[in-house]
Amino acid sequence: MARSQVLSPLRKLLPIVLLLLLVSAFSSCKQRPKGVMSKGKMKDVLYDYHLAQAMLTTIPESERSSNQDYIDAVLRKHGITQEDFDSSLVYYNVNAEDLKDIYSDLRQRFEEENQTLATITLQNYFRLYEKLSGMTGTALTEDSEFREI
């Protein structure tokens with residue numbers, strides 16, 4: 001059999017093979033499924049979610065309403081359901097690079113906010129008032145006078 005006779009069927013298959021490769025390459029591109037939040041929205045939701053979780057830790061358990069109330073408030077704020085949040089969380093857990101990017105941005109956002117809050121010291125707070133009163137170290141030496149008053 002001549003070489004050109006062998007190559008002829010392969011040349012006919014070449015466009016089909018290339019088409020299949022092209023289709024598979026495009027279908028493997030990462031696209032978010034329907035119902036999964038964008039990275040930007042997920043960042044905002046997770047930011048508020050973690051703030052709500054942190055607020056819960058500052059409230060004594062006896063005074064707390066359900067933990068779910070805080071989560072529900074976050075979901076309502078962003079106009080999403082628990083199902084939307086859960087499916088987005090599952091998607092981003094599977095796509096670890098995206099989740100890593102989200103949490104990297106969140107970490108930076110929390111650090112910036114923390115630094116801002118740290119600059120508001122007690123002294124700056126007291127500078128808001130013209131007159132201050134309070135007890136000093138000399139109060140102990142004048143203990144008897146305070147008791148008379």
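1. Contact here means heavy atoms within 4.5 Å of each other. On that basis, of the contacts in the chain with a separation of 6 or more, 70% are accounted for by residues 24 or more positions apart. The model is a predicted one.

2. The chain has 7 helices and 0 strands. Read from the N terminus, its elements follow the order α-α-α-α-α-α-α. Of the 149 residues in the chain, 16% are buried.

3. How do the axes of H2 and H3 cross? Helix H2 covers residues 39–58, and helix H3 covers residues 67–78. Their axes come within 9 Å and cross at roughly 155 degrees. Because angles over 145 degrees count as roughly antiparallel, H2 is roughly antiparallel to H3. The crossing of these two helices is right-handed.

4. The H2 side of the contact with H3 consists of Lys-41, Asp-44, Val-45, Asp-48, Tyr-49, Ala-52, Gln-53, Met-55 and Leu-56. On the H3 side the residues are Asn-67, Tyr-70, Ile-71, Val-74, Lys-77 and His-78. Sorted by class, the residues of this contact are 8 nonpolar, 3 polar and 4 charged.

5. H2 also meets helix H4, which spans residues 82–94. Here the axes come within 11 Å, with a crossing angle of roughly 110 degrees. The range of 65 to 115 degrees counts as roughly perpendicular, so H2 is roughly perpendicular to H4. H2 passes H4 in a left-handed crossing.

6. Which residues form the contact of H2 with H4? From H2 they are Lys-39, Met-42, Val-45, Leu-46 and Tyr-49; from H4 they are Phe-85, Ser-88, Leu-89 and Tyr-92. The class count for this contact is 7 nonpolar, 1 polar and 1 charged. Val-45 and Tyr-49 are listed in the contact with H4, and both are listed in the contact with H3 as well.

7. Ser-88 deserves a separate entry. This residue lies in helix H4 and is buried, with a relative accessible area of 0%. Once neighbours within four places in sequence are set aside, Ser-88 is in contact with Gly-35, Val-36, Met-37 and Met-42. Met-42 is one of the H2 residues in the contact with H4. Pro-33 is 55 residues from Ser-88 along the chain, and the C-alpha atoms of the two are separated by 9.1 Å.

8. What is the geometry of the Tyr-91 and Tyr-92 pair? The count of aromatic pairs comes to 3. In the pair of Tyr-91 and Tyr-92, the ring centres are 5.0 Å apart and the planes stand at 80 degrees, so the pair is edge-to-face. The cut-off for that label is a plane angle over 60 degrees.

9. Are Tyr-91 and Tyr-92 buried or exposed? Residues under 20% relative accessible area count as buried. Tyr-91, at 12%, is therefore buried. Tyr-92 has a relative accessible area of 1% and so is buried as well. Tyr-92 also belongs to the H4 side of the contact with H2.

Conventions: Residues numbered from 1 in each chain as written. Predicted model: local features only at pLDDT ≥ 70, side-chain atom pairs only at ≥ 80, totals over all residues. Heavy atoms only, no water. Axes fitted to C-alpha atoms, helices over the stretch in contact; angles between N-to-C directions. Helix = DSSP H or I, 4+ residues; strand = E, 2+ residues; numbered from the N terminus. Parallel < 35°, antiparallel > 145°, perpendicular 65-115°, else oblique. Left-handed = near helix turned anticlockwise from the far one by under 90°. Nonpolar A, V, L, I, M, F, W, Y, C, P; charged D, E, K, R; others polar. Phe/Tyr/Trp six-rings, centres within 6.5 Å; stacked < 30°, edge-to-face > 60°. Buried < 20%, exposed > 50% of the residue type's maximum accessible area, 1.4 Å probe, protein only.
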